[in-house]
Amino acid sequence: MLLGFLLFYVGAVLFLNGLWLMGRIEDREIVVINVVSGLVAAGVVVQGAFGAGADLQTVRAAALTLMFSTTYFWVAHNRVVAVDGRGLGWFSLFVAITTVPVFLRALAAAGSPTELWLAGNWLVWGVLWFMYFLLLALGRPILRATAWVTLLAGIVTGWLPGFLLLDGLM
């Protein structure tokens with residue numbers, strides 16, 4: 001159930017961050033959903049890493065989830081202090097590289113359509129974080145493409161599956 005809860009907010013923040021990158025939401029407003037989603041992800045991290053049932057698998061998942069939480073808090077911070085985001089861009093490269101073995105491991109272990117979909121999500125997220133690296137750290141002119149990929153990734157990898165998981169349909 002926590003996965004559905006987390007993905008639902010990942011979907012919300014990516015969708016809204018996509019709209020923000022398109023200029024449809026102001027910098028000051030986007031802070032709220034990034035903080036809320038960062039807190040949701042951080043709560044999942046605390047439960048997985050330090051909860052009563054914590055084990056190697058849940059701690060690993062918590063470490064990976066913390067990359068999401070950190071990203072959302074960093075976006076919020078950057079909007080509050082009005083910086084250019086280069087630090088977030090370089091962090092995004094670290095995350096994008098990390099997603100490669102996570103994707104390959106998940107793909108190799110996938111034994112169901114849901115697990116295959118989860119592996120595919122890591123591929124999409126890795127591409128998205130790499131786009132943030134190119135945009136923020138290297139200043140490549142890919143804002144429009146990054147905005148659309150962010151928005152669509154929010155729907156496909158977050159909101160829709162999160163909603164279906166919460167409703168018990170997936």
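Which residues have the most contacts inside the largest nonpolar core? They are Leu14, Phe68, Trp122, Trp125 and Trp129, in a core of 36 residues. A nonpolar core here is a set of buried Ala, Val, Leu, Ile, Met, Phe, Trp, Tyr and Cys residues joined through side-chain atoms within 4.5 Å. Buried means under 20% relative accessible area, exposed means over 50%, and partly exposed lies in between (1.4 Å probe, protein chains only).

Before we go on, a word about the model. It is predicted, so local features need pLDDT of at least 70 and side-chain atom pairs count only at pLDDT 80 or more, while totals for chains, interfaces and linings use all residues. Residues are numbered from 1 along each chain as its sequence is written, and side-chain values use heavy atoms, with hydrogens and water left out.

Helix α1 provides the largest share, 8 residues. Helices (H or I, at least four residues) and strands (E, at least two) are DSSP runs, numbered from the N terminus.

Now pick out phenylalanine 68. Leaving aside neighbours within four places in sequence, phenylalanine 68 is in contact (heavy atoms within 4.5 Å) with Val10, Trp122, Trp125 and Trp129. One aromatic cluster is formed by Phe68, Tyr72, Trp122, Trp125 and Trp129.

The whole structure holds 12 aromatic pairs. Rings of Phe, Tyr and Trp (its six-membered ring) pair if their centres lie within 6.5 Å; planes under 30 degrees apart count as stacked, over 60 as edge-to-face and the rest as tilted. Tryptophan 90 and phenylalanine 133 make an edge-to-face pair, with 5.0 Å centre to centre and 65° between the planes. This pair links distant parts of the chain, since tryptophan 90 is in helix α4 and phenylalanine 133 in helix α5, 43 residues apart. Tryptophan 90 counts as partly exposed because its relative accessibility is 47%, whereas phenylalanine 133 is buried at 7%.

For a stacked pair, look at tryptophan 159 and phenylalanine 163: their ring centres are 5.8 Å apart and their planes are at 25°. These two residues are 4 residues apart in helix α6, so about one helical turn separates them. Tryptophan 159 is partly exposed at 39% relative accessibility, and phenylalanine 163 is partly exposed at 36%.

Next, the pockets. On a 1 Å grid over the protein atoms alone, a pocket is an open set of points where a 1.4 Å probe fits, with protein on both sides within 12 Å along at least five of seven lines; lining residues have an atom within 4 Å of a point. The largest pocket has a volume of about 810 Å³, where volume is the space filled by probe spheres set on the points, and grid points are joined across faces, edges and corners. Of its 25 lining residues, Gln57, Arg60, Ala61, Leu118 and Trp122 are the closest to its centre. Helix α3 gives the most to this lining, with 8 residues.

Finally, visit asparagine 34, which sits in helix α2. Is asparagine 34 buried or exposed? Asparagine 34 is buried, because its relative accessible area is 0%. Not counting residues up to four places away in sequence, asparagine 34 touches Val13, Asn17, Tyr72, Phe73, Val75 and Ala76.
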